[in-house]
Amino acid sequence: MSSAVELSFVIYRSTARKALVETTALEILAESLRNNPKEGLTGFLHVERDCFLQYLEGPPGPLRRTLVRIQKDRRHKEFLILAEGSIDERFFPDWDMGQIPCANFPTDGILADKSWLRPDPDIDPLPLIRAFAAHARQQGGFDISEI
């Protein structure tokens, strides 16, 4: 019998109900840093303009509960799961919740045109996540920070 913990992942995007101020993103990150270790979740959050892009990984039960809580959070609207599934190992094992500062992206941002951020069953997101994780570990070009 295997003692390995089953792991799942989810990538979602949402829009802020109100114009975001820096303290809102910091509050969300602080909550994540408080809650995620207890739930066994890791990942990253990118906040840009009034949009959120978040990747979470961990045990399926806690991951589902966290997603329900995020969907009910009054700070979010237009919640959309872009991809979800099972993974064999964590891509961000050391990130209770990493953040990618906006200053490290092009001025038009990665969320400026949300049309490309739609669920597509024909696209396997794991190679992209794997490449992003490897890039983040090297910190080449992105300044990955944790609060």
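Which side chains meet in a salt bridge at 3.0 Å, N to O? They are those of E31 and R75, in a predicted model where local features need pLDDT of at least 70, side-chain atom pairs count only at pLDDT 80 or more, and totals for chains, interfaces and linings use all residues. Residues are numbered from 1 along each chain as its sequence is written, and side-chain values use heavy atoms, with hydrogens and water left out.

**Salt bridges**
- With a side-chain nitrogen of Lys or Arg required within 4 Å of a carboxyl oxygen of Asp or Glu, the count comes to 3 salt bridges.
- The E31–R75 pair links distant parts of the chain, 44 residues apart, with E31 in helix α1 and R75 in the loop between α2 and β4 (76–87).

**Positive patch**
- R17, K18, R74 and K77 form a positive surface patch (residues with over 30% relative accessible area and no salt bridge, like charges joined within 9 Å; areas by the Shrake-Rupley method with a 1.4 Å probe).
- Within this patch, R17 is placed in the loop between β1 (7–16) and α1 (22–39).

Key
Patch = residues over 30% accessible without salt bridge, like charges linked within 9 Å, V, L, I, M, F, W, Y side chains within 5 Å. Lys, Arg positive; Asp, Glu negative; His and termini not counted. Charge placed at Lys NZ, Arg CZ, Asp CG, Glu CD. Helix = DSSP H or I, 4+ residues; strand = E, 2+ residues; numbered from the N terminus.
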